[in-house]
Amino acid sequence: MVIGSFEPTMVLAILPEILLVVLAGLILAVDAIWKPETKRNLGWLTAGGLLVVMVVSFLVAIPQGQDRLIFGGMLRQDWLSFSFNILFMFAAAITALFALDMKGVGQKGEFFVLMLISTLGMSLMASAADIIMLYLAIETTSIPMYILAGFMTRDDKSTESGFKYLLFGAATSTIMLYGFSLIYGFTGQTNIYQIALSFYNLQFPKIAVIGSLLLILVGFGFKISAFPFHFWAPDVYEGAPTPIAGFLSTASKAAGFVVVLRVLVAIFTPSVAPDWINMLAIVSVLTMTVGNVLALVQKNIKRLLAYSSIAHAGYILIGVVAISQLGLTSVVFYLIAYLITNLAAFGIVVTFSQVVGSDEISAYSGLSRRKPWLALAMMVAFLSLAGMPPLAGFVAKIFVFAAAVKVGLIWLAFVGVLNSIVGLYYYLTVLKYVYLFRSDDEDKPLTISRSYAIALSVLVFGIILVGTLFGPWFNLSTKIASSLF
Amino acid sequence: MRFPILSVIVLTPIIAGMLILLIPSDRKNVVRYVALAAATIALLLSAWVYFSYDISISGYQFIEKYNWLPQLGISYYVGVDGMNAPLVLLTGVVMFTGVLISWGIDDRPREFFAFLFILASGVFGVFVAQDLFMLFFFYEIAVFPMYLLISIWGWIKTREYAAMKLTLYLFIGSLVSLVGGLAMYFGSGKNTFDMIQLSQANFSESFQIFWFPFVFFGFAVLGGIFPFHNWSPDGHVAAPTAVSMFHAGVLMKLGAFAALRVGIMLLPVGAQHWRWLILILALVNVVYGAFIAMVQTDFKYVIGFSSVSHMGLVMLGFATLNKDGLIGSGIQMFSHGVMTALFFAVVGMVYDRAHTREIGELGGFSKKMPWVAVAFIIGGLVSMGMPGLSGFVAEFPIFMGVWQVKPIIAIIASISIVITASYIIRIIGRVFFGPISEEFDHHVGDVTIKDKVALTILCVIMITVGVYPSIMSNLVSSGVDRILSLFGGA
């Protein structure tokens, strides 16, 4: 692969990103013009605009033939970047639908603008092929997120959430930047693939390679909320506006994993740094165990989902550790399944707390009598998280465990299995409130606005689709994974 | 193209379940009739499969195979042979009678039938699966609705505890087997989950000996094998009637069948290596289960532990690895399924009217519900292994098979027959005969016509198999020959 000079087709490759900026500008402009009572439509505009951008991406940015580096090696156009761009935009569109009825959040243009900028950052994270670009992309993703997490300025918890996220994010990203600078110091290169070449050819001392990898993993670990950089997640999710918590736990985490995959597979190949596999295996075990065990005692559904999303990061890391074609495919598949499922789970929480005003798990008592459809959607989402067929989570888990068994990490597969049983326990406990317990509010109506109904139906349908007709999704994941090598 | 009969059987319940969810929640009778219609279709089709299976050709029939994920060798692959055809019929029967008996459920019947039917689809899917991945897929589908069914509609005192215990036990078991299944998939090097091909993979001896316990015991948890049987009586007792019927009647067979299909048939050398352990554990099941059943004072717990005891016989038959034992197990799975469904139906009918299951408080119910009493007595005789009924046809070959392996085990196991007789006769005497208390005399009435139909179907099946055993034994025998051929001899 050579770093070519500029060609006009390169603009087409980043047209989706350009359109995202245009859309953000449009929303800012419209926000200034529209009357307050029509501001709710900003959410629809965002979602619709993202849909258009997705269609445009399919038309112009779909990777053809060979993967290539564009813009002087800053970006890489391949299936990984393309598919995840689409996924991030999908997640953003769904989040916009969830946010538009939220008081104090959904009626403000800046909310959607910040979200779009963050999505742009994620898109760039997925395609960045240069550590400078990568760092900029990560910051472009994170900074709007700091603001969004603290968006409800009158709410102490939200403010705390935003500030906590900022502190953790800033601290870890400086450490990561230090790791990047070490790599640059060793190799004199910033392009990931050039760095990989020099690492391969020049045989640096192991301590230098592992040292810089560790520093970088601090930043990545924060993004994917892996142990021991997971502490922020429950507090931030709990305080942040719920749609943003959902966005953080899905799109932002997926973007983190994409970067992990790209950097680990390209630079730190097993021949250069064989030790990280064992290291990451331990991180994976700790991440899922800590997530699952702490989720057991949660009373607040957002905190429960936060710990559950930590646990899922652990499962995904199993696939990363089992580094192989199947391992990476399983990671990508898991990310797709997890993104849809967790968006649905958070979506239900948004929908419910809009009407009921509580995020306590006990508030969900009697939901199945109150609103059978919402209860059913919740069951689908939670059982998919627990890994039950015929839902997406089941197949995803099987692929990850299969990847571990294939490379001989049977003990890791068993740890994953035991963890999913702990997981099943707390997901079922939530469903117990929904289906079994009664409450005094059972007869009070629970109205769901159209945006929630659409978003939830799409997600539930997606969960079942990925879980039953998993063939095409697996093929796509294979294609994405092979673009890493 | 041929009519895809097995797929229709597998998918009818789940599609009916989805349709039922679309019915407005206040139209409870519509829900019930749709459920009955779906159950009738499933019953008729499964009976059709059972009776049109051609024994002279043997092997897998009604095969359908579609690629699901060819890159990993996953396919949707179904077929029946002599071993699973009776189990498909059993599921159809239990589903049909279960719907009839659940007619009176008034709390969210829509959700009840929908979950029950998802469960039924899972069960059908496991029984007919010829693909290991598909087997796991449907196995899990069969497990999780159980949680909701028990915890929502179950017995209020223990339902939360029992439902969670059951789900966690079964989930642990299935996932442990899953890892074993994945090891087989990668170990075979054939890149296929097709179990017929995997059975020819010639796994090395050490591989089989290492993985067999994971796979076999993982599934056998659902078969109720000692010491992993603990979930089962609690689960049975807490579950609502139809779910107990499904649970003891069909789901436990699901575990036993999967242990046979995946454990013994794919890892035959491992099975031979570990058979002594299975023999001993199953023996404990048989004798210990019977003794515990004897000392229970709760009617439903008696039946719950008797299931543990009878499922032990199935496992015992498996462990013989000879023709008699396996034929016996095959028939016992069917016979016990029908019998225990009948028992739980009876328990449910008694409890619904008396609101107690304490054997000491009941009495004289034969006056109030003669049909139920007669049905229970027939079931009781089956359970004791009385000749002329299906229980004898099943248990006698098992004891013959065990005798060929180790006579002492057969002798010890046969104690259970005596104990079974003692607890069954005690129930018949205490619950159905003797004086009826004042309280029950007034408000206990007879059962509905639907209940009677369900009981009659179950009794007729047990008697038919009993007096005309070749209706089933020839079929099962053809399936057993195929299993034995994996052990290098017929």
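**Exercise 1.** Determine why the radius of gyration of chain A agrees with that of a compact globule.

*Solution.* First, take the rule, 2.2 Å times the number of residues to the power 0.38, with the radius of gyration taken over C-alpha atoms. Next, apply the rule: for 485 residues, a compact globule would have a radius near 23 Å. Finally, compare: chain A has 21 Å, which agrees. Along the principal axes, the C-alpha atoms fill a box of roughly 70 × 55 × 40 Å.

This is a predicted model, in which local features need pLDDT of at least 70 and side-chain atom pairs count only at pLDDT 80 or more, while totals for chains, interfaces and linings use all residues. Residues are numbered from 1 along each chain as its sequence is written, and chains are lettered from A and ligands numbered from 1 in the order in which they are written.

**Exercise 2.** State what share of chain A counts as buried.

*Solution.* A residue is buried if 20 or more other C-beta atoms, placed from the backbone, lie within 10 Å of its own. By this criterion, 61% of the 485 residues of chain A are buried.

**Exercise 3.** Describe how the two domains of chain A meet.

*Solution.* Begin with the bounds, which come from an automatic or database domain assignment: domain 1 spans 1-274 and domain 2 spans 280-485. Their C-alpha centres lie 22 Å apart. Then count contacts (C-beta atoms, placed from the backbone, within 7 Å): 39 residues of domain 1 touch 42 residues of domain 2.

Methods. A residue is buried if 20 or more other C-beta atoms lie within 10 Å of its own, exposed if 12 or fewer, and partly exposed in between; C-beta atoms are placed from the backbone.
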